Amino acid sequence: LTSKIKCEHCGGTFKRRVLRNKEYWSCSNHVASAKKCEVKMIETDEIEDAFLKIFYKLKENIHVLEAYKKHIVNFTTNDDDRCELDFVNRELKKVSSSINTLVRYYQKDLISLEDYKKKHNELLVDKSVFEMQKCKLNEKIYQRFEVIQTQIIIECLESVKEITALDEEIFNTLVDSIEVGTLDIQFTLKNDLKLKVERKQF
(Lines give C-alpha, C1' and ligand atoms only; values in the text may rest on other atoms or scores of the structure.)
Protein backbone atom coordinates (compact mmCIF):
# COMPACT_ATOMS: atom_id res chain seq x y z
CA LEU A 1 0.00 0.00 0.00
CA THR A 2 2.98 2.30 0.47
CA SER A 3 2.97 5.21 -2.01
CA LYS A 4 -0.41 4.17 -3.43
CA ILE A 5 -2.70 5.97 -0.95
CA LYS A 6 -3.48 9.68 -1.37
CA CYS A 7 -5.85 12.01 0.42
CA GLU A 8 -8.99 12.94 -1.51
CA HIS A 9 -9.33 16.21 0.45
CA CYS A 10 -5.83 17.73 0.31
CA GLY A 11 -3.83 15.45 -1.99
CA GLY A 12 -1.40 14.54 0.78
CA THR A 13 0.23 11.11 0.97
CA PHE A 14 -0.91 8.56 3.54
CA LYS A 15 1.66 7.07 5.87
CA ARG A 16 1.53 3.86 7.85
CA ARG A 17 1.12 4.09 11.64
CA VAL A 18 0.67 1.52 14.39
CA LEU A 19 -1.50 2.39 17.39
CA ARG A 20 -2.43 -0.05 20.13
CA ASN A 21 -1.22 -2.99 17.98
CA LYS A 22 -3.43 -1.95 15.06
CA GLU A 23 -2.16 -0.77 11.71
CA TYR A 24 -3.56 2.48 10.30
CA TRP A 25 -2.91 4.84 7.40
CA SER A 26 -3.01 8.59 8.04
CA CYS A 27 -2.88 11.66 5.82
CA SER A 28 0.48 13.32 6.46
CA ASN A 29 -1.16 16.78 6.52
CA HIS A 30 -3.81 15.65 9.03
CA VAL A 31 -1.09 14.24 11.28
CA ALA A 32 0.75 17.57 11.13
CA SER A 33 -2.42 19.53 11.90
CA ALA A 34 -6.09 18.59 11.89
CA LYS A 35 -6.78 22.12 10.60
CA LYS A 36 -4.87 21.38 7.41
CA CYS A 37 -6.94 18.29 6.56
CA GLU A 38 -10.15 16.83 7.95
CA VAL A 39 -9.67 13.27 6.66
CA LYS A 40 -9.11 10.93 9.58
CA MET A 41 -6.93 7.83 9.65
CA ILE A 42 -8.17 4.53 8.28
CA GLU A 43 -7.43 0.98 9.36
CA THR A 44 -5.48 -1.28 7.00
CA ASP A 45 -8.22 -3.89 7.49
CA GLU A 46 -10.83 -1.46 6.12
CA ILE A 47 -8.75 -0.79 3.00
CA GLU A 48 -8.26 -4.52 2.46
CA ASP A 49 -11.99 -5.20 2.92
CA ALA A 50 -12.77 -2.43 0.42
CA PHE A 51 -10.37 -3.99 -2.08
CA LEU A 52 -12.06 -7.38 -1.71
CA LYS A 53 -15.42 -5.74 -2.44
CA ILE A 54 -13.95 -4.13 -5.57
CA PHE A 55 -12.36 -7.42 -6.64
CA TYR A 56 -15.60 -9.42 -6.43
CA LYS A 57 -17.65 -6.61 -7.95
CA LEU A 58 -15.32 -6.63 -10.95
CA LYS A 59 -15.25 -10.43 -11.13
CA GLU A 60 -19.05 -10.58 -11.20
CA ASN A 61 -19.18 -7.90 -13.91
CA ILE A 62 -16.41 -8.84 -16.33
CA HIS A 63 -18.86 -8.10 -19.17
CA VAL A 64 -18.77 -4.44 -18.07
CA LEU A 65 -14.97 -4.41 -18.45
CA GLU A 66 -15.34 -5.98 -21.91
CA ALA A 67 -17.81 -3.22 -22.83
CA TYR A 68 -15.44 -0.60 -21.39
CA LYS A 69 -12.60 -1.97 -23.52
CA LYS A 70 -14.80 -1.90 -26.62
CA HIS A 71 -15.82 1.69 -25.83
CA ILE A 72 -12.16 2.76 -25.59
CA VAL A 73 -11.41 1.13 -28.93
CA ASN A 74 -14.39 2.79 -30.60
CA PHE A 75 -13.62 6.16 -29.04
CA THR A 76 -9.91 6.20 -29.85
CA THR A 77 -9.95 4.59 -33.31
CA ASN A 78 -9.68 7.24 -36.00
CA ASP A 79 -11.91 7.26 -39.10
CA ASP A 80 -9.10 6.17 -41.45
CA ASP A 81 -8.33 3.06 -39.39
CA ARG A 82 -12.02 2.25 -39.04
CA CYS A 83 -12.65 2.62 -42.79
CA GLU A 84 -9.62 0.51 -43.64
CA LEU A 85 -10.67 -2.22 -41.22
CA ASP A 86 -14.21 -2.23 -42.64
CA PHE A 87 -12.76 -2.54 -46.16
CA VAL A 88 -10.49 -5.44 -45.19
CA ASN A 89 -13.36 -7.24 -43.46
CA ARG A 90 -15.55 -6.85 -46.56
CA GLU A 91 -12.79 -8.17 -48.81
CA LEU A 92 -12.19 -11.13 -46.51
CA LYS A 93 -15.89 -11.95 -46.64
CA LYS A 94 -15.83 -11.78 -50.46
CA VAL A 95 -12.76 -14.04 -50.68
CA SER A 96 -14.32 -16.60 -48.29
CA SER A 97 -17.50 -16.57 -50.34
CA SER A 98 -15.50 -17.06 -53.57
CA ILE A 99 -13.65 -20.01 -52.06
CA ASN A 100 -16.95 -21.65 -51.06
CA THR A 101 -18.39 -21.05 -54.52
CA LEU A 102 -15.27 -22.49 -56.16
CA VAL A 103 -15.51 -25.64 -54.01
CA ARG A 104 -19.17 -26.11 -55.02
CA TYR A 105 -18.30 -25.68 -58.72
CA TYR A 106 -15.59 -28.30 -58.46
CA GLN A 107 -17.84 -30.72 -56.59
CA LYS A 108 -20.39 -30.38 -59.42
CA ASP A 109 -17.68 -30.93 -62.08
CA LEU A 110 -18.20 -27.44 -63.46
CA ILE A 111 -14.44 -26.73 -63.52
CA SER A 112 -11.40 -28.92 -64.06
CA LEU A 113 -9.06 -29.94 -61.26
CA GLU A 114 -6.26 -27.87 -62.79
CA ASP A 115 -8.40 -24.71 -62.92
CA TYR A 116 -9.72 -25.39 -59.44
CA LYS A 117 -6.22 -25.65 -57.95
CA LYS A 118 -5.02 -22.55 -59.74
CA LYS A 119 -7.98 -20.39 -58.68
CA HIS A 120 -8.04 -21.87 -55.17
CA ASN A 121 -4.37 -20.99 -54.63
CA GLU A 122 -4.95 -17.45 -55.89
CA LEU A 123 -7.86 -16.98 -53.49
CA LEU A 124 -5.83 -18.37 -50.57
CA VAL A 125 -3.07 -15.86 -51.31
CA ASP A 126 -5.64 -13.03 -51.35
CA LYS A 127 -7.12 -14.28 -48.11
CA SER A 128 -3.68 -14.46 -46.48
CA VAL A 129 -2.87 -10.88 -47.55
CA PHE A 130 -6.14 -9.49 -46.16
CA GLU A 131 -5.76 -11.46 -42.92
CA MET A 132 -2.27 -10.00 -42.49
CA GLN A 133 -3.66 -6.49 -43.07
CA LYS A 134 -6.42 -7.12 -40.54
CA CYS A 135 -3.94 -8.43 -37.98
CA LYS A 136 -1.73 -5.32 -38.33
CA LEU A 137 -4.72 -2.99 -38.05
CA ASN A 138 -5.99 -4.77 -34.95
CA GLU A 139 -2.53 -4.58 -33.38
CA LYS A 140 -2.47 -0.85 -34.06
CA ILE A 141 -5.96 -0.34 -32.63
CA TYR A 142 -5.63 -2.61 -29.59
CA GLN A 143 -2.13 -1.54 -28.52
CA ARG A 144 -3.53 1.49 -26.70
CA PHE A 145 -2.54 1.61 -23.02
CA GLU A 146 -6.05 1.52 -21.52
CA VAL A 147 -7.09 -1.37 -23.78
CA ILE A 148 -4.02 -3.42 -22.87
CA GLN A 149 -4.47 -2.74 -19.15
CA THR A 150 -8.18 -3.61 -19.29
CA GLN A 151 -7.35 -6.93 -20.93
CA ILE A 152 -4.71 -7.64 -18.26
CA ILE A 153 -7.32 -6.92 -15.56
CA ILE A 154 -9.86 -9.22 -17.24
CA GLU A 155 -7.33 -12.04 -17.52
CA CYS A 156 -6.33 -11.61 -13.87
CA LEU A 157 -9.96 -11.76 -12.71
CA GLU A 158 -10.67 -14.82 -14.83
CA SER A 159 -7.58 -16.68 -13.61
CA VAL A 160 -8.28 -16.22 -9.88
CA LYS A 161 -11.20 -18.13 -8.41
CA GLU A 162 -11.25 -16.71 -4.91
CA ILE A 163 -9.28 -14.54 -2.49
CA THR A 164 -10.00 -13.99 1.19
CA ALA A 165 -7.30 -11.42 1.92
CA LEU A 166 -5.38 -8.75 0.05
CA ASP A 167 -3.03 -10.51 -2.36
CA GLU A 168 -0.13 -8.19 -3.23
CA GLU A 169 0.36 -9.50 -6.77
CA ILE A 170 -3.34 -9.26 -7.65
CA PHE A 171 -3.63 -5.87 -5.96
CA ASN A 172 -0.70 -4.45 -7.96
CA THR A 173 -2.09 -5.90 -11.19
CA LEU A 174 -5.47 -4.22 -10.70
CA VAL A 175 -4.89 -1.05 -8.70
CA ASP A 176 -2.91 2.03 -9.69
CA SER A 177 -3.80 4.26 -6.73
CA ILE A 178 -6.22 4.81 -3.83
CA GLU A 179 -7.80 8.04 -2.64
CA VAL A 180 -9.24 8.13 0.87
CA GLY A 181 -11.86 10.72 1.75
CA THR A 182 -14.13 11.34 4.72
CA LEU A 183 -16.98 9.32 3.20
CA ASP A 184 -15.46 6.87 0.75
CA ILE A 185 -12.40 5.09 -0.63
CA GLN A 186 -11.77 5.47 -4.35
CA PHE A 187 -9.74 2.88 -6.25
CA THR A 188 -8.24 3.93 -9.59
CA LEU A 189 -7.52 0.83 -11.62
CA LYS A 190 -4.59 0.38 -14.00
CA ASN A 191 -6.89 1.17 -16.94
CA ASP A 192 -7.95 4.48 -15.29
CA LEU A 193 -11.40 3.15 -14.28
CA LYS A 194 -12.45 4.57 -10.91
CA LEU A 195 -14.56 2.68 -8.35
CA LYS A 196 -15.71 3.77 -4.88
CA VAL A 197 -16.50 1.97 -1.64
CA GLU A 198 -18.13 3.74 1.31
CA ARG A 199 -16.02 4.18 4.43
CA LYS A 200 -17.17 2.77 7.72
CA GLN A 201 -18.86 5.45 9.76
CA PHE A 202 -18.60 5.37 13.56
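Q: How many residues does the largest nonpolar core have, and which have the most contacts inside it?

A: In soluble globular proteins, nonpolar side chains tend to be buried together. In this predicted model, the largest nonpolar core has 34 residues. Phe-14, Leu-174, Ile-178 and Phe-187 have the most contacts inside this core. Helix α2, residues 44–60, gives the most to the core, with seven residues. Apart from this core lies another, of 10 residues, including Ile-99, Leu-102, Phe-130 and Leu-137.

Q: Which residues does Ile-178 touch, not counting residues up to four places away in sequence?

A: With those sequence neighbours left out, Ile-178 touches Leu-1, Lys-4, Ile-5, Lys-6, Ile-47, Phe-171, Ile-185, Gln-186 and Phe-187.

Q: Which residues of α2 are buried?

A: An α-helix has 3.6 residues a turn, so residues three or four places apart point the same way. In α2, the buried residues are Thr-44, Glu-46, Ile-47, Ala-50, Phe-51, Leu-52, Ile-54, Phe-55 and Leu-58. The helix has 17 residues and spans 25 Å from its first C-alpha to its last, close to the 24 Å expected at 1.5 Å a residue.

Q: In what order do the three strands of the open sheet lie?

A: The order is β2-β3-β4, with antiparallel pairing. The edge strands, β2 (14–19) and β4 (42–43), each pair on one side only. Strand β3, residues 22–27, is joined to β4 by two bridges, and Trp-25 has Ile-42 in β4 as its bridge partner.

Terms used:
Residues are numbered from 1 along each chain as its sequence is written. This is a predicted model: local features need pLDDT of at least 70, side-chain atom pairs count only at pLDDT 80 or more; totals for chains, interfaces and linings use all residues. Side-chain values use heavy atoms; hydrogens and water are left out. Two strands pair if DSSP finds at least two bridges between them. Helices (H or I, at least four residues) and strands (E, at least two) are DSSP runs, numbered from the N terminus. A nonpolar core is a set of buried Ala, Val, Leu, Ile, Met, Phe, Trp, Tyr and Cys residues joined through side-chain atoms within 4.5 Å. Buried means under 20% relative accessible area, exposed over 50%, partly exposed in between (1.4 Å probe, protein chains only). Contact means heavy atoms within 4.5 Å. The expected span of a helix is 1.5 Å times one less than its number of residues.
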